[in-house]
Amino acid sequence: MLRINKASEYGVLALRFIGEKNQALSARQISEGLSLPYEITAKTLQHLKDAGFIQSTMGTNGGYTLKSSLDQISFAQVIDALEGPVAIVECADHSGKECNRNSICDLQYGMKNLNTKIRNLLEETKLNTFVKVETKIS
């Protein structure tokens with residue numbers, strides 16, 4: 001089964017939460033606001049900071065803020081930062097490593113083609129796609 005890793009899921013949740021609150025938030029506020037374990041949230045935030053998606057400031061009004069708006073960050077960028085390049089199979093990760101089945105496998109071209117399509121879709125999918133939409137009852 002093709003599935004997004006929890007690290008990427010938590011990363012998208014954290015970025016969306018920071019973007020929606022539009023203010024500096026501590027790791028504790030983010031973990032509690034999302035009902036996620038604090039240690040995992042703090043580690044995820046550090047990776048997101050290292051990747052340049054968020055910045056942190058110290059002090060009373062400090063915390064994490066977005067460096068770019070959610071419509072400028074793609075799902076693929078988050079996956080790359082938290083998990084590594086999108087690759088449905090090893091030969092499709094574009095790392096240049098040769099698969100030990102290269103000489104006998106006839107799926108390589110099709111898998112690389114499929115991987116490219118998935119990668120393009122994830123690149124086109126910006127995080128603002130995941131912003132909660134409030135519905136009003138009249």
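Predicted model: local features only at pLDDT ≥ 70, side-chain atom pairs only at ≥ 80, totals over all residues.
The largest nonpolar core comprises 26 residues. Within this core, the residues with the most contacts are L15, I30, L45, L48 and I54. Two or more core residues come from each of the helices α1 (6-21), α2 (27-34), α3 (38-50) and α4 (75-82). Of these elements, α1 makes the greatest contribution, giving six residues.

When neighbours within four places in sequence are left aside, I54 is in contact with L15, I18, L45, L48, K49, Y64, T65, L66 and K67.

T65, a contact partner of I54, is found in strand β2, which spans residues 63-66. The relative accessibility of T65 is 21%, so this residue counts as partly exposed; the buried class requires a value under 20%. Not counting residues up to four places away in sequence, T65 touches I18, Q23, A24, F53, I54 and Q55. The C-alpha atoms of T65 and F53 are 8.7 Å apart, with a separation of 12 residues in sequence. I18 is in contact with T65 and also with I54.

One aromatic pair is present in the structure. The ring centres of F75 and F130 are 5.5 Å apart and the ring planes lie at 65°, so the pair is classed as edge-to-face. F75 belongs to helix α4, whereas F130 lies in the segment after α5 (108-124); the pair therefore ties together parts that are 55 residues apart in sequence. F75 has a relative accessibility of 10% and counts as buried, while F130, with a relative accessible area of 31%, is partly exposed.

The largest pocket has a volume of about 230 Å³. Its lining is formed by L2, R3, I4, I79, E83, G84, P85, V86, A87, I88, I118 and L122. By residue class, the lining of this pocket consists of nine nonpolar residues, one polar residue and two charged residues.

Note on methods. Residues numbered from 1 in each chain as written. Heavy atoms only, no water. Core = buried A, V, L, I, M, F, W, Y, C linked by side-chain atoms within 4.5 Å. Buried < 20%, exposed > 50% of the residue type's maximum accessible area, 1.4 Å probe, protein only. Helix = DSSP H or I, 4+ residues; strand = E, 2+ residues; numbered from the N terminus. Contact = heavy atoms within 4.5 Å. 1 Å grid on protein atoms, 1.4 Å probe; cavity = no way out; pocket = protein on both sides within 12 Å on 5 of 7 lines; lining within 4 Å. Points joined across faces, edges and corners; volume = space filled by probe spheres on them. Nonpolar A, V, L, I, M, F, W, Y, C, P; charged D, E, K, R; others polar. Phe/Tyr/Trp six-rings, centres within 6.5 Å; stacked < 30°, edge-to-face > 60°.
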